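Hi everyone, thanks for making the time. I'd like to walk you through one structure today, so let me put it on the screen.

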Amino acid sequence: MKVSFKAALAATLVVMVGCSSSPTGRKQFAVLPDSQMDTMGVESFAEMKKETPASPNATLRKHVQCVADTLIAVLPNKYRNQEWEVVLFDDEQVNAFALPGYKVGVYTGLLKVAENQSQLAAVVGHELAHVIARHGNERVSTQFATSQALALGYQLSGEDSPEKIVIFQALGIGVQVGIILPFSRTHESEADLLGLEYMAKAGFDPRESVQLWRNMSTWTNSKTPELLSTHPSHSTRIDDLEDNMSPNLATYNALVAQNKQAKCY
């Protein structure tokens with residue numbers, strides 16, 4: 001009965017593949033209720049605020065809030081009208097994040113690399129895109145489904161043997177490299193392009209997204225091959241951004257002509 005339940009669960013998950021699409025039209029595998037993801041995000045953010053203090057620098061906090069608010073103002077209505085919480089954490093990490101439940105965190109270390117409002121907008125726009133495209137739901141759903149499929153296959157494959165154990169260990173590695181990691185790189189690339197669109201619509205210079213990643217490449221020196229990384233290489237990101245620059249630059253230039261560019265100095 002236990003195996004048949006897992007088989008039914010696996011079949012249900014397979015049927016649900018492709019039931020939703022991301023903002024770019026990519027088919028998604030996301031099986032958890034968004035309300036559950038929001039609850040998880042809110043709880044995680046509350047824990048982070050307990051562990052890491054907010055920056056005492058009011059000027060920097062105001063700058064980060066302005067960039068986030070300007071981006072949020074151009075998001076689809078469902079997200080634009082939510083009560084987002086934005087915190088500048090006093091930590092030297094060169095990082096930022098956004099969580100389901102409408103929570104945004106920026107670390108003060110990022111402001112050493114994001115040298116102006118548009119470079120910061122490239123990062124925050126990217127993080128907002130993760131939430132809007134439901135990437136967190138996809139990642140949790142994919143990891144859950146693959147772990148259940150491996151467990152089910154192991155139970156149905158007969159008695160334990162040294163050969164069986166080695167095969168399934170190798171299969172687990174194959175799933176990680178072949179499904180979960182590339183899927184994460186897909187999310188990162190999609191968030192880059194959505195973030196590029198958001199920053200241009202909000203009046204931030206989209207060309208600064210390319211300069212941001214040039215800055216990042218001088219600050220970080222990861223030697224992990226892209227095949228085994230959850231993120232595209234800096235050069236891949238720069239190439240993708242440049243390939244999609246033209247329509248977003250036109251959007252930005254139109255706002256500049258009307259003196260409607262972002263002003264979060």
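One definition before we start: when I say contact, I mean heavy atoms within 4.5 Å. Please also keep in mind that what you see is a predicted model.

With that in hand, let's go to Leu 120. Setting aside neighbours within four places in sequence, Leu 120 is in contact with His 63, Val 64, Val 67, Val 106, Leu 110, Leu 111 and Ala 114. Leu 120 also belongs to the largest nonpolar core, which has 47 residues. Which members of that core touch the most others? They are Leu 71, Trp 84, Val 106, Leu 120 and Phe 204. Helix H5, residues 117–132, supplies the largest share of this core, with 9 residues. There is another core, apart from that one, made of 6 residues, including Phe 45, Val 87, Phe 89 and Phe 97.

How many disulfides does a search of the whole structure find? The search finds 1, and this disulfide joins Cys 66 to Cys 264, with a sulfur-to-sulfur distance of 2.0 Å. The link ties together distant parts of the chain: Cys 66 sits in helix H3 (residues 58–72), Cys 264 sits in the segment after H10, and 198 residues separate the two. Is each end buried or partly exposed? Cys 66 is partly exposed, at 24% relative accessible area, whereas Cys 264 is buried, at 3%.

On to the backbone. As a reminder, most residues other than glycine have a negative phi. Two residues here are worth a look with that in mind. Tyr 102, which is not a glycine, has a positive phi of about 70°. Tyr 102 is in the loop between strand S4 (96–99) and strand S5 (103–107), and its relative accessible area is 13%; the cut-off for buried is under 20%, so Tyr 102 counts as buried. Asn 259, again not a glycine, has a positive phi of about 55°. Asn 259 is in the segment after helix H10 (245–257) and is partly exposed, at 49% relative accessibility.

Last stop: Arg 26, in the loop between strand S1 (20–21) and strand S2 (27–28). Arg 26 is buried, at 18% relative accessibility. Between Arg 26 and Ala 133 there are 9.7 Å in space, C-alpha to C-alpha, although the two are 107 residues apart in sequence.

That's my tour; over to you for discussion.

Key: Residues are numbered from 1 along each chain as its sequence is written. This is a predicted model: local features need pLDDT of at least 70, side-chain atom pairs count only at pLDDT 80 or more; totals for chains, interfaces and linings use all residues. Side-chain values use heavy atoms; hydrogens and water are left out. Helices (H or I, at least four residues) and strands (E, at least two) are DSSP runs, numbered from the N terminus. Buried means under 20% relative accessible area, exposed over 50%, partly exposed in between (1.4 Å probe, protein chains only). A disulfide is a pair of cysteine sulfur atoms within 2.5 Å. A nonpolar core is a set of buried Ala, Val, Leu, Ile, Met, Phe, Trp, Tyr and Cys residues joined through side-chain atoms within 4.5 Å.
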